[in-house]
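This briefing is for a reader new to the structure.

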Amino acid sequence: MASGQLSRAEALACKGCRHACHVMLYCDTKTQLFGKIPLRHIILMQMRFDGLLGFPGGLVNPSKETLEEGLGRELLEELGVAVPISVEDHVDSRYAPTPLPSSAPLIAHFYVKKMEEEQIIEVERAAVTTATDYGQEVLGMVRVPLYSIRGSAGLACFLSHSFIGHARSQLVDSLLRFGLVTPDLLHKALRHSLETHKDNAKDLRAALELTKAKGKQP
Ligand code: APR
Ligand code: MG
């Protein structure tokens, strides 16, 4: 087992640990971008209240509910529609980073569920209409671009954003594990992503200068 990973039984046996469950919902699609670039799959992520990209889900309480029941409850709040998750959808459990060293350990349980395209579209609609968390804990659902255009656009740019906890590695691992992109495309996207990151840093420094200049104005 990779470092930091636990079996489900080990995770549930942890006394004093907190637990969070998140899920990657996805489907196949024949839709093409600009009528020529196949989207191949729709993978749902969300822009969270903290400005980070992540998967839907949240804190669960295994003394009162199963992990999957807790995840289902969180999904109803964040997506506005019931999405039943089963033990078979579980992919891995790992210790997650906590904001303060003094916080109780947090175990992040990750699930992946394949759905039909109509169901995914229903989730996207419900997330902005019936979900109680919309506009507050969830700022919007986003699809992951799985193609590469003009070298660094598409997946590479997406991967260069900021993600919560293990979300970026869970996404990358799932893309490979479920064969959603080729290893070659992913490898190139990650290399471009590192380059994009440098450009982002330059851009941020320029923006910082702008605020300094504005601050000096009367
Ligand atoms: N991998 C690892 N950890 C994650 C992941 C992930 N993919 N996604 C979220 N986390 C962590 C978060 O950092 C948080 O500490 O799991 C915890 C719970 O996940 P959230 O989705 O943020 O929790 P939620 O129950 O939806 O509540 C939203 O309300 O009370 C506040 O601060 C609390 O973050 C919580 C927020
Ligand atoms: Mg959440």
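Buried means under 20% relative accessible area, exposed over 50%, and partly exposed in between, with a 1.4 Å probe and protein chains only. The model is predicted: local features need pLDDT of at least 70, side-chain atom pairs count only at pLDDT 80 or more, and totals for chains, interfaces and linings use all residues. Residues are numbered from 1 along each chain as its sequence is written, and side-chain values use heavy atoms, with hydrogens and water left out. Helices (H or I, at least four residues) and strands (E, at least two) are DSSP runs, numbered from the N terminus.

**Helix H3**
- Helix H3 covers residues 117-129, 13 residues in all.
- From first C-alpha to last, H3 reaches 19 Å, close to the expected 18 Å; the expected span is 1.5 Å times one less than the number of residues.
- Ile-120, Val-123, Glu-124, Ala-126 and Ala-127 are the buried residues of H3.
- An α-helix has 3.6 residues a turn, so residues three or four places apart point the same way.
- Strand E2 (18-28), strand E5 (41-48), helix H2 (67-79) and strand E10 (138-143) are what the buried residues of H3 pack against.

**Cysteines**
- A disulfide is a pair of cysteine sulfur atoms within 2.5 Å, and by this rule the count is one.
- The disulfide joins Cys-14 to Cys-17, with 1.9 Å from S to S.
- The link of Cys-14 and Cys-17 is right-handed, with 55° about the S-S bond.
- Cys-17 is buried at a relative accessible area of 13%, and Cys-27 is buried at 0%.
- Cys-157 counts as partly exposed, at 29% relative accessibility.

**Gly-16**
- Gly-16 lies in the loop between helix H1 (8-13) and E2.
- With a relative accessible area of 59%, Gly-16 is exposed.
- Contact means heavy atoms within 4.5 Å; leaving aside neighbours within four places in sequence, Gly-16 is in contact with Ala-104 and Pro-105.
- Gly-16 and Pro-105 are 89 residues apart in sequence, but their C-alpha atoms are 7.5 Å apart in space.

**Annotated region**
- UniProt, in an unreviewed entry, places a "coiled-coil region" at residues 187-214; its annotations may be inferred rather than shown by experiment, feature names are shortened, and positions are given in the numbering used here.
- In the model, residues 187-214 are 100% helix and 0% strand, with end C-alpha atoms 41 Å apart.

Terms used
Chains lettered and ligands numbered in written order.
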